[in-house]
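The questions below go through one protein model, and each answer works towards a single name or value.

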Amino acid sequence: MPDYFVFGGCLRSELSFPELAETRGRTPNWTLRLGTLSKPRNADVLSDVELSSTCRIRLTTGDGWFRYDHSCTGAFEVFAEGRRILFQPSAKCDLDGARADFVSRVLLYCVDHSAITWLHGSAVRIGGSAVAFLGPSGSGKSTLALALAQGGAQHICDDTLPVEASATPVVWPSDGIIRLCSDSRSRLAASESAIRRESDGKFVMSRRAAGYTESPPTSGEPISLRCPLAAIYLLTPDEHISSDAAVTRTAIKPTSAVAALMPHLKLGPVVRREDPARLVKQLGAIANAVPVFQLRVSRDWSAVDNVVETMLAWHTAGTTSAHVLVPA
């Protein structure tokens, strides 16, 4: 079975993941096999949601196991405290949907939530530190991160942003892929083939779109890809911002930052009773250690170079421009 590099760890899988980088020389953190699931006994139903007349998601749990069952893709059963997963495709299985379900939902149940805060965002490395972008779908997180990477930054992660909430918060790599809407792809990655197109219309691209040509990660790679977090930006796309100030930032007080960050938490399919208090504590530690900004960015494609140049200047050699930093 091939091994894949994801969320800073190793996934050994009988299901292929063409969107993930293969890795070598690691002990797997998680093992995914294909098989037939037994009928659950003494199961507790956590949720049962009908998405449409032909599609539903059902979550169940029992003694030492958890099951995620999507009628359109298949069922994943998790054992051994998240280390072993068995997948049974559905009769009408959409394997691309199953891959997306596994990485963005099921695997988030298996990863370490006690040390890592999982956010819906993207990040790049400028110099020796990470800069993160949060915002709702369509706000431009992936586009801005890719534009910065093509301008000289190093792309770290997209969509899923793992932050180690220590005294000095550290950003970890995620799954090594980039998700782009059609206009961003046509302008920033037109020469790269998409791995697939997801149900929301976004194209799944490899990190080659950000200029990566590196060989598959080796056993020493995860540590080198982790770096301290220097700033968090909450994106606010602005169609009316002036062309001479294509991007501006406003500092958010730490006392207000926790509430501002909470909508951007990315959780697994199950929220445990102890999770809310732990997450607030983790967000508080991050907000107290790292500056959080509201970022207004022009929607004008002609301003992209200006945006990239300004943001790179903010995070190199400690440069700060008075007209873009307004303490709240």
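Q: Is aspartate 159 buried or exposed?
A: In this predicted model, aspartate 159 has its place in the loop between strand 12 (154-157) and strand 13, and its phi is near 75°, a positive value in a residue other than glycine. Its relative accessible area is 18%, and because the limit for burial is under 20%, aspartate 159 counts as buried.

Q: In what order do the 9 strands of the open sheet lie?
A: The pairing within this open sheet of 9 strands is mixed. Strand 3 (21-22) and strand 5 (44-52) each have a single partner strand, so one side of each is left without a neighbour in the sheet. With these two strands at the edges, the order reads 3-1-2-4-9-8-7-6-5.

Q: Which residue is the bridge partner of tyrosine 68 in strand 8?
A: Strand 7 (residues 65-70) and strand 8 (residues 74-79) run antiparallel and are joined by 5 bridges. Within strand 8, the residue that partners tyrosine 68 is phenylalanine 76.

Q: At about what angle does helix 1 run to strand 8?
A: Helix 1 (residues 95-110) lies across several strands, among them strand 1 (3-6), strand 2 (9-13), strand 4 (30-34) and strand 9 (84-89). Strand 8 also belongs to the group that helix 1 lies across, and the angle between helix 1 and strand 8 is about 25°.

Q: Which residues do ring pairs link into a cluster?
A: The count of aromatic pairs in the model comes to 9. Ring pairs link five residues into a cluster, namely Tyr4, Phe17, Phe76, Phe87 and Phe102.

Q: How many residues apart are phenylalanine 133 and tyrosine 233?
A: These two residues form a stacked aromatic pair, with 5.9 Å centre to centre and 20° between the planes. Phenylalanine 133 is in strand 11 (residues 129-134) and tyrosine 233 in strand 18 (residues 227-238), so that the pair links distant parts of the chain, and each of the two is buried, phenylalanine 133 at 0% relative accessibility and tyrosine 233 with a relative accessible area of 0%.

Q: What is the centre to centre distance between tyrosine 233 and phenylalanine 293?
A: Tyrosine 233 lies in strand 18 and phenylalanine 293 in strand 20 (residues 292-298), so their pair ties together parts that are 60 residues apart in sequence. Phenylalanine 293 is buried, with a relative accessible area of 8%. The rings are stacked with 20° between the planes, and centre to centre they are at 5.2 Å.

Q: Over the face of which residue does arginine 226 lie?
A: Arginine 185 lies over the face of phenylalanine 203, at 4.5 Å from the ring centre. Arginine 226 is placed at 3.7 Å from the ring centre of the residue whose face it lies over, tryptophan 172.

Q: How far does helix 6 reach from its first C-alpha to its last?
A: The buried residues of helix 6 (residues 275-289) include Asp275, Arg278, Leu279 and Gln282, and what covers the buried residues of this helix includes strand 10 (116-126), strand 13 (160-164), strand 18 and helix 5 (254-261). Helix 6 has 15 residues, and the span expected at 1.5 Å a residue is 21 Å. Close to that expectation, helix 6 reaches 21 Å.

Technical notes
Residues are numbered from 1 along each chain as its sequence is written. This is a predicted model: local features need pLDDT of at least 70, side-chain atom pairs count only at pLDDT 80 or more; totals for chains, interfaces and linings use all residues. Side-chain values use heavy atoms; hydrogens and water are left out. Two strands pair if DSSP finds at least two bridges between them. Helices (H or I, at least four residues) and strands (E, at least two) are DSSP runs, numbered from the N terminus. Contact means heavy atoms within 4.5 Å. Axes are lines fitted to C-alpha atoms, for helices over the stretch in contact, and angles run from 0 to 180 degrees between N-to-C directions. Rings of Phe, Tyr and Trp (its six-membered ring) pair if their centres lie within 6.5 Å; planes under 30 degrees apart count as stacked, over 60 as edge-to-face and the rest as tilted. Buried means under 20% relative accessible area, exposed over 50%, partly exposed in between (1.4 Å probe, protein chains only). A charge sits over a ring if NZ of Lys or CZ of Arg is within 6 Å of the ring centre and within 35 degrees of the ring normal. The expected span of a helix is 1.5 Å times one less than its number of residues.
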